[in-house]
Amino acid sequence: MMDDPAASLDRPGNRNAQMRYVLLAAAAGILTGTVGSFFHLLIDWFQVWPRLLSEHMSGPLLVVAAALITMVITVTAAYFVRRYAPEAGGSGVQEIEGAMLGLRTVHWRRVLPVKFFTGVFAIASGLVLGREGPTIHIGASFSAALTDTFKVSETERRGMLGAGAAAGLACAFNAPLAAILFIIEETHRHFPYTFRTYMGIIVAALLSTVMTQIIGGRAPDFSMVVAEPQIFLLPAFVLLGCLLGVLGVVLNAGLMRTAALAAAINGRVRFAFPAIVGLAIGALVILMPLSVTGGEHTVTFLSEHRKGLMFLLLLAVLRYFTMITSYSAGTPGGIFAPMLALSMCVGLLFGGLLDAVLPAGTIAPLAFGMAAMGGLFSASVRAPVVGAVLTLELTGAYTMVMPLIATCVTANLVAQWIGGRPIYDQLLEKTLAKAGINPQAKGPDNTGLA
């Protein structure tokens with residue numbers, strides 16, 4: 001019987017090769033954490049532009065000026081992406097999964113500069129996009145650069161792509177454990193599991209987080225404190241999970257249908273869709289700032305200030321539409337952070353409704369907002385373990401373990417039962433179809449995806 005080539009890579013006699021691979025993964029983690037941290041710092045630095053603009057004008061003129069600024073940035077970013085690196089649009093997770101399958105190529109020489117600079121300006125302009133998508137793609141691009149420079153096997157190449165992606169997610173959220181689990185849970189059909197590739201993910205995520213904390217600080221991104229919910233409230237979190245399971249399927253459908261609408265509009269007038277989106281988002285930057293941007297400020301604001309139910313409903317509706325349209329504008333940006341902000345609105349609304357009908361002091365609406373952050377992620381991405389762990393790492397609220405598990409598992413089950421499919425599976429199929437690639441023609445072993 002012939003030996004498994006992948007298994008043979010991890011025989012004890014290959015310790016030098018294992019060390020070489022782990023060092024490459026470490027380099028990918030350090031590079032990703034460093035560049036990704038400056039990516040985030042630049043976004044924060046540029047995001048003050050609405051305040052600076054308001055110091056020089058006010059009223060309708062301010063709204064028009066902001067709308068025009070965001071429109072110009074959005075169209076310019078979409079142009080550079082389409083012209084120089086079409087695969088840099090969106091989050092990039094589907095591109096990495098396609099590359100792991102041998103169906104896509106990571107063109108790191110063009111992806112790195114285009115993803116970095118257009119991502120900074122697009123996200124800073126106010127578009128409802130997450131920073132994690134670009135850093136995940138940037139991390140995988142650094143991995144591709146390293147594997148091109150230091151020749152490796154096909155199994156190692158695919159493993160390095162996963163390590164770079166994990167480093168990018170760890171950098172984005174200061175959440176190394178969630179990043180490791182994301183590769184295990186989300187890319188389990190694409191990632192080559194051997195001892196060295198598994199260790200590479202851990203090392204890359206760890207060192208990326210180290211660099212992120214050195215450059216950007218150590219606190220969780222959304223530090224929150226909430227008392228542990230009573231055990232008798234777990235059925236309420238299950239009910240919230242049912243709601244989020246449906247919302248996750250609706251969100252995924254909205255993202256896919258809006259992308260088709262954007263393609264149709266752009267087919268008639270080039271860059272018309274990003275221009276329309278930019279105008280609307282720019283106006284909302286002034287009129288309703290909580291409804292736009294990636295959502296980090298929205299999450300922290302809502303966790304610290306209790307708002308009325310009608311306000312939360314309006315904000316949830318606005319963030320749903322600003323999210324699906326921003327993602328379809330053709331600029332770099334992810335969906336994780338916007339998803340967390342949308343789910344916080346929904347969770348607080350759900351908790352507020354329960355608080356209105358139950359005896360005073362029975363529940364804390366914030367607990368439902370936090371649980372919803374993991375639940376909607378689980379329903380859309382279909383990764384419940386990552387959803388729960390990511391929320392715990394982001395908030396630091398480990399009193400929420402049981403409610404989060406109940407919410408995430410329920411949301412995942414409901415999304416499955418009503419026919420929902422993971423968002424990145426759908427995005428990968430769309431990407432392959434656009435490129436004219438048959439996904440059954442070639443897989444990691446040249447035998448098809450199965």
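This talk goes through helix packing and a few single residues in one predicted model.

First, the ground rules. Numbering starts from 1 along each chain as its sequence is written, and side-chain values use heavy atoms, with hydrogens and water left out. Since the model is predicted, local features need pLDDT of at least 70 and side-chain atom pairs count only at pLDDT 80 or more, while totals for chains, interfaces and linings use all residues.

Helices here are DSSP runs, H or I, of at least four residues, numbered from the N terminus.

I start with helix 2, residues 15-46, and helix 8. Their axes come within 8 Å and cross at roughly 35°. Axes are lines fitted to C-alpha atoms, for helices over the stretch in contact, and angles run from 0 to 180 degrees between N-to-C directions. The crossing of helix 2 and helix 8 is right-handed, that is, the near helix is turned clockwise from the far one by less than a right angle. On the helix 2 side the contact includes Ala25, Gly29, Gly33 and Gly36, and on the helix 8 side Gly159, Ala163, Gly164 and Gly168 are among the residues met. Contact means heavy atoms within 4.5 Å. By class, the contact of helix 2 with helix 8 has nine nonpolar residues, nine polar and one charged. For the classes, Ala, Val, Leu, Ile, Met, Phe, Trp, Tyr, Cys and Pro count as nonpolar, Asp, Glu, Lys and Arg as charged, and the others, Gly among them, as polar.

The second pair is helix 16, residues 365-381, and helix 18, residues 401-417. They pack at an angle of about 30°, with axes 8 Å apart. So helix 16 is roughly parallel to helix 18, the cut-off for that word being under 35 degrees. This crossing is right-handed. Helix 16 brings Met370, Ala371, Gly374, Gly375, Ser378 and Ala379, and these meet residues of helix 18 including Pro403, Leu404, Cys408 and Ala415. The contact of helix 16 with helix 18 holds eight nonpolar, five polar and no charged residues.

Now burial. Buried means under 20% relative accessible area, exposed over 50%, and partly exposed in between, with a 1.4 Å probe and protein chains only.

How many of the residues of helix 5 are buried? Eight of eight, over residues 93-100. Among them are Gln94, Glu95 and Glu97. The cover over helix 5 includes helix 7, helix 8, helix 9, helix 14 and helix 19. Glycine 102 follows helix 5 and has a positive phi, near 80°.

Helix 13, residues 296-304, has Thr298, Val299, Leu302 and Ser303 buried. They lie on the same side of helix 13, because they cover an arc of only 125° around the axis, taken from the directions from the helix axis to the C-beta atoms. His297 and Glu304 are exposed on the other side of helix 13. The buried residues of helix 13 pack against helix 14, helix 15 and helix 16.

Alanine 175 sits in the loop between helix 8 and helix 9 and is buried, at 0% relative accessible area. Beyond its neighbours within four places in sequence, alanine 175 contacts Ala170, Leu390 and Glu393. Arginine 51 is in helix 3, residues 49-54, and is partly exposed at 48% relative accessibility. Its C-alpha is 9.2 Å from that of isoleucine 286, which is 235 residues apart along the chain.

Methods
Helices (H or I, at least four residues) and strands (E, at least two) are DSSP runs, numbered from the N terminus. Angles under 35 degrees count as roughly parallel, over 145 as roughly antiparallel, 65 to 115 as roughly perpendicular and the rest as oblique.
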